[in-house]
Amino acid sequence: KILIVDDDERDLHLLKRLLASSDKDWETQFCRSAAEGLAALESDTYDVVVSDWSMPEMDGGTFLTEVKERHPKVARLVMADATDQELTMDSAGVVHQYVPKPVEIEILGSAVERALDLEASIRRDRIMEIVAKMDQIIDFAGVEKFVDTPIKRYSTGMKLRLGFGVAAHLDPDVLFVDEVLAVGDAEFQKKCLKAMDDLRMG
């Protein structure tokens, strides 16, 4: 079930036509403002929210931040012009997928399918626990500036920092530590040692 929010009536009309002529078997609700979208989320359950970036009163980033806080299990997509793409990068921790405008139904469809796959994945208990603590994990690992960078491009040290951040925030029964204390600066090593002390203390 998809909720689409866009203040531009012409864009909404175009999206309705595109979806009507496509083979997408989605149950779709359309809203003209962020406030209307939040009200819809309170009254019904949705799997994915697709929001325009540039909206009056409450922009897409603020709206999707509210969605994340109130409905963390809902996948969040943003539609934005190329000129707004740098702004959407500031919301990397809030937005799961970026859809360029003008919207093409194939691209939107692929983004929604990926978001639905993500939404299905985060229903698994352990992954939900990671998602719930994501802000703490990112802060601990010190990778805030790289949240929009694919992990495959991380250095070995960054991967170790992030991996230890995940492990330290999942309350493991047993934690094996090897090279993580050899990476990062003294401040990060100090955080690691404190985290291990906290785990030992229960």
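Me: Let's begin with Glu57: is it buried or exposed?

Reply: Happy to! Keep in mind that this is a predicted model. Glu57 has a relative accessible area of 88%, and since anything over 50% counts as exposed, Glu57 is exposed.

Me: Where does Glu57 sit?

Reply: You'll find Glu57 in the loop that runs between strand S3 (48-52) and H3.

Me: And what is phi for Glu57?

Reply: Phi is near 70° there, which is a positive value in a residue other than glycine. For context, most residues other than glycine have a negative phi.

Me: Got it. On to peptide bonds: which residues does the cis one join?

Reply: Lys101 and Pro102 are joined by a cis peptide bond, with omega at about 0°. Pro102 belongs to the loop between strand S5 (97-100) and helix H5 (105-121). As a general point, most peptide bonds are trans.

Me: Let me zoom out for a second. How many helices and strands does the protein have?

Reply: Nine helices and five strands. Along the sequence they follow the pattern β-α-β-α-β-α-β-α-β-α-α-α-α-α.

Me: What share of the residues is buried?

Reply: Of the 202 residues in the protein, 37% are buried.

Me: And what about contacts between residues at least 24 apart?

Reply: Taking the contacts between residues at least 6 apart in sequence, 60% of them join residues at least 24 apart.

Me: Nice, give me an example from a strand. Which one holds Val5?

Reply: Val5 lies in strand S1, residues 2-5. Its relative accessible area is 0%, so Val5 is buried.

Me: What is Val5 in contact with, beyond its sequence neighbours?

Reply: Leaving aside neighbours within four places in sequence, Val5 is in contact with Cys31, Ser33, Ala34, Gly37, Val50, Ser51, Asp52, Met55, Phe63 and Met79. As for Leu38, it is 33 residues from Val5 in sequence, and their C-alpha atoms are 9.7 Å apart.

Me: Now a helix residue. Where is Leu64?

Reply: Leu64 is part of helix H3, residues 60-70. With 0% relative accessibility, Leu64 counts as buried. Beyond neighbours within four places in sequence, Leu64 is in contact with Val49, Ser51, Arg76, Leu77, Val78, Val94 and Val95.

Me: How far is Leu64 from Arg76?

Reply: Their C-alpha atoms are separated by 6.7 Å, and the two residues are 12 apart along the chain.

Me: Let's switch to H8. What span does H8 have?

Reply: H8 covers residues 156-168, which makes 13 residues, and reaches 18 Å from its first C-alpha to its last. That is close to the 18 Å expected at 1.5 Å a residue.

Me: Which residues of H8 are buried?

Reply: Met158, Arg161, Leu162, Phe164, Gly165 and Ala168. Looking down the axis of H8, they fall within an arc of 160°, so they line one face of the helix. In general, an α-helix has 3.6 residues a turn, so residues three or four places apart point the same way.

Me: What covers that buried set?

Reply: The cover includes helix H7 (134-141) and helix H9 (186-201).

Me: How do H7 and H9 cross?

Reply: Their axes come within 10 Å and cross at roughly 130°, and H7 and H9 are therefore oblique to each other. H7 contributes Asp139, Phe140 and Ala141 to the contact, while H9 contributes Phe188, Lys191, Cys192 and Ala195. By class, that contact has five nonpolar, no polar and two charged residues.

How values were computed:
Residues numbered from 1 in each chain as written. Predicted model: local features only at pLDDT ≥ 70, side-chain atom pairs only at ≥ 80, totals over all residues. Heavy atoms only, no water. Helix = DSSP H or I, 4+ residues; strand = E, 2+ residues; numbered from the N terminus. Expected span 1.5 Å × (residues − 1). Buried < 20%, exposed > 50% of the residue type's maximum accessible area, 1.4 Å probe, protein only. Arc of directions from axis to C-beta. Contact = heavy atoms within 4.5 Å. Axes fitted to C-alpha atoms, helices over the stretch in contact; angles between N-to-C directions. Parallel < 35°, antiparallel > 145°, perpendicular 65-115°, else oblique. Nonpolar A, V, L, I, M, F, W, Y, C, P; charged D, E, K, R; others polar.
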